[in-house]
Structures are given as C-alpha cells and as structure tokens.
Amino acid sequence: MAKQPPFPDAARDIVKYLSYTEGRDKVYRITQYTTRLLIWYYGEKGSDVLSLEKIKNLESTITTSRKLFRMFRSAEFLQKALDSLASADMTEASLQLVGYLCKAVWLFLDHFIWLNKVKLLDMDSKLVAQRSAWFWLVGLSALTLRDLYKLQKLSLSLKELKRAGEPVPRQRLESDIFKARLQFVLDFCDVFIPLAALGYVSKGVGASGGVIASLIGLYLTWQKYVPKK
C-alpha cells in the first residue's frame, strides 16, 4: 500500500501559493476591501456593533501594511510603461503607456502617504491622496480601454481561425480571451475604488468593486503560480 502524504494536495497548493509575495498580497487585499465593505455596511445601518472598532483597526493596519509592501513598486509600473513602447500596435501601446505611467505616479505618491502615516513626513496627506486617486483613476481607465481593445482583437482573430477550421490555435486563443475578459472585469471593478475615494460613488460601491477585483486577482495569481493537476 502506498504511503499517504502527511499533507493533502490542496494544503500543499495553498502553502505554495502563499509562499509568493503576490499571492499573500491578494489575500491581504481581499481582507482589506471586505473589511471596508463591512465598515460601510454597518455605518449605513447605524448599527452599534461591538466588533466594529476591531474591524476598523484591522482595515487600517492592512491598508498601511500594503502601502509598505508596495514600496518602490512604482518602478515596476514605470518599467512596464517603457516596455509598452516596443509594441507594434500603437493603440494598445499608447493605452498601456498612459495606464502604467499613471499607476507609477499613483504609487509614487502613495509612498509619501505611507511616510506621513508613520510620522516620517509632515504634509497635507488629504491633498496628496486626492492627487494619487486621480492618477489611479486615469491609469485604470486607460488599462480598461486597453482590455476592451485587446478583447476585440482576440475575438476577430478567433473568428478568422473558426473560418479556417484550425482547432489547436483556436483552443489557445479561447483561453486567452477568457483571461482577457477576467482582466477587463478586474480593471473595471478597480475603477470604482478611486471613484469612491474622490467621492463620485459611495464607499460601499468602491469596496464592492475592490472585493470583486481582488477575488479575480487571487484566481489569476493562483493560475499563474499553482500548477494544474
């Protein structure tokens, strides 16, 4: 009889996923926006929940921690913006350039917000947060348009392959379309977070968008790091 492994496969997959910084960040992100949604929900109901203060403390701690985890990640978005210049498709390249440049500025300003939060700087954090949210909004809007443009290109390519009757490239292309659709929903839902920060939608809508985008992000990251059985 074969000896059973001491650790189930599912548990091994979870450990492997959480061994990556990106994987852990997705879990933190879901917790962050779920707590924001709970804070908004109980605030709207006017409920005096004893544990609400604990939820607020948890949300504040995770938000501050994620700002630290993202320190210098603005350089990563700047690199992606520069890499987009190599694309032969000028429309896609332009949208990606604007999207990643704006996200780089958003995170760069976010670093100063964190430094102010931990009392290493003294500045008008509300003004900086507003500017940061505007850059985030423009960046996400550009990337959402990029996703739509990419989906249109992939759909046209799939139609051509169907007419040609080529099954193997079709299967690969259908998988790419599925991922592109998820990326579009992710970026679209994320747009509501800066919209809420700027006061254009309620904090509940912003938090809901964050939860949905985080769940999709967790799934895509799982597909990236955990091998299929």
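The model you are looking at is predicted, so local features need pLDDT of at least 70 and side-chain atom pairs count only at pLDDT 80 or more, while totals for chains, interfaces and linings use all residues. Residues are numbered from 1 along each chain as its sequence is written, and side-chain values use heavy atoms, leaving out hydrogens and water.

Let's step back to the whole chain. Of its 229 residues, 37% count as buried, meaning under 20% relative accessible area with a 1.4 Å probe, protein chains only. The C-alpha atoms fill a box of roughly 60 × 60 × 35 Å along the principal axes. You will find eight helices and zero strands (DSSP runs numbered from the N terminus: H or I with at least four residues for helices, E with at least two for strands). Among contacts with a separation of 6 or more, 69% join residues 24 or more positions apart; contact means heavy atoms within 4.5 Å.

The axes of α1 (residues 9-18) and α8 (residues 203-225) come within 10 Å and cross at roughly 100°. These axes are lines fitted to C-alpha atoms over the stretch in contact, with angles from 0 to 180 degrees between N-to-C directions. The two helices are therefore roughly perpendicular, a term for angles of 65 to 115 degrees. Helix α1 contributes D13, I14, K16 and Y17 to the contact, and α8 contributes L218, T221, W222 and Y225.

How values were computed
Parallel < 35°, antiparallel > 145°, perpendicular 65-115°, else oblique. Buried < 20%, exposed > 50% of the residue type's maximum accessible area, 1.4 Å probe, protein only.
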